[in-house]
Amino acid sequence: MERSSTPSGGSSRREATRQKLYEAAVTLIAEQGFSATTVDEIAERAGVAKGTVYYNFASKSVLFEELLRHGVELLTASLREAAERTDREGGTKVDALDAMIRAGLLFISRYPAFTQLYVAELWRTNRTWQSTLMVVRQQAVAVVEDVLREAVAGGELSDEIDIQLTAAALVGMVLVAALDWQSFQPERSLDDVHSALSRLLQGRVSGNR
């Protein structure tokens, strides 16, 4: 799970190590669950010493919390970039929403294990990182809310839509549809899945036929 830009020097080395730990943790936890995954296993999968894990993260729980934060921030950045790119190219706000759907699908196809963990954790209420997860989730949804709000202000969408609920519904639609695609319809291409969700967006949100 790589960041779009990487710092230099010692900071760069530490970031590379943390990336390896994120990858190891997300894969192992997706395979066998959080409780069953040990720090020793994470270190072994990442190819580092156990002490390196604790040098970067105070505990397994802190590692997982930072993993969730890191992953959702990457998703948020990809959604924002899709909207900004559409704006630079002169597209409408509904075009921007469509581009964000595609960006979300691309992210999930690249990081399916993380997405499975993220969706599963949204339903849990007894985790120490629940408040962090809610904060970063809202950051992702807020990007969609901003575009919806601008679409309403510009007359592209009806001012009767519930912006908060619609934004959450769009994000949820992409997550659930993508997981269904990855798990049960892997033969379908990303373009095919995006086309289906795009038609849903155009028909149900913008009201176009």
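Helix H5 (residues 93–110) packs against helix H7 (residues 130–153) at an angle of about 160 degrees, and their axes sit 9 Å apart. Axes here are lines fitted to C-alpha atoms, for helices over the stretch in contact, with angles running from 0 to 180 degrees between N-to-C directions. That makes H5 roughly antiparallel to H7, a label for angles over 145 degrees. Helices themselves are DSSP runs (H or I, at least four residues), and strands are runs of E of at least two, numbered from the N terminus.

This is a predicted model, so to speak of local features takes pLDDT of at least 70 and side-chain atom pairs count only at pLDDT 80 or more, while totals for chains, interfaces and linings use all residues. Residues are numbered from 1 along each chain as its sequence is written, and side-chain values use heavy atoms, with hydrogens and water left out.

As for who touches whom, Lys 93, Ala 96, Leu 97 and Met 100 of H5 meet Val 143, Val 144, Val 147, Leu 148, Glu 150 and Ala 151 of H7 (contact means heavy atoms within 4.5 Å). Sorted by class, the H5 contact with H7 comes to eight nonpolar, no polar and two charged residues; Ala, Val, Leu, Ile, Met, Phe, Trp, Tyr, Cys and Pro count as nonpolar, Asp, Glu, Lys and Arg as charged, and the others, Gly among them, as polar.

Zooming out, the chain has nine helices and zero strands. Its C-alpha atoms fill a box of roughly 60 × 40 × 35 Å along the principal axes. Residues 24 or more positions apart supply 65% of the chain's contacts with a separation of 6 or more.

How values were computed
Angles under 35 degrees count as roughly parallel, over 145 as roughly antiparallel, 65 to 115 as roughly perpendicular and the rest as oblique.
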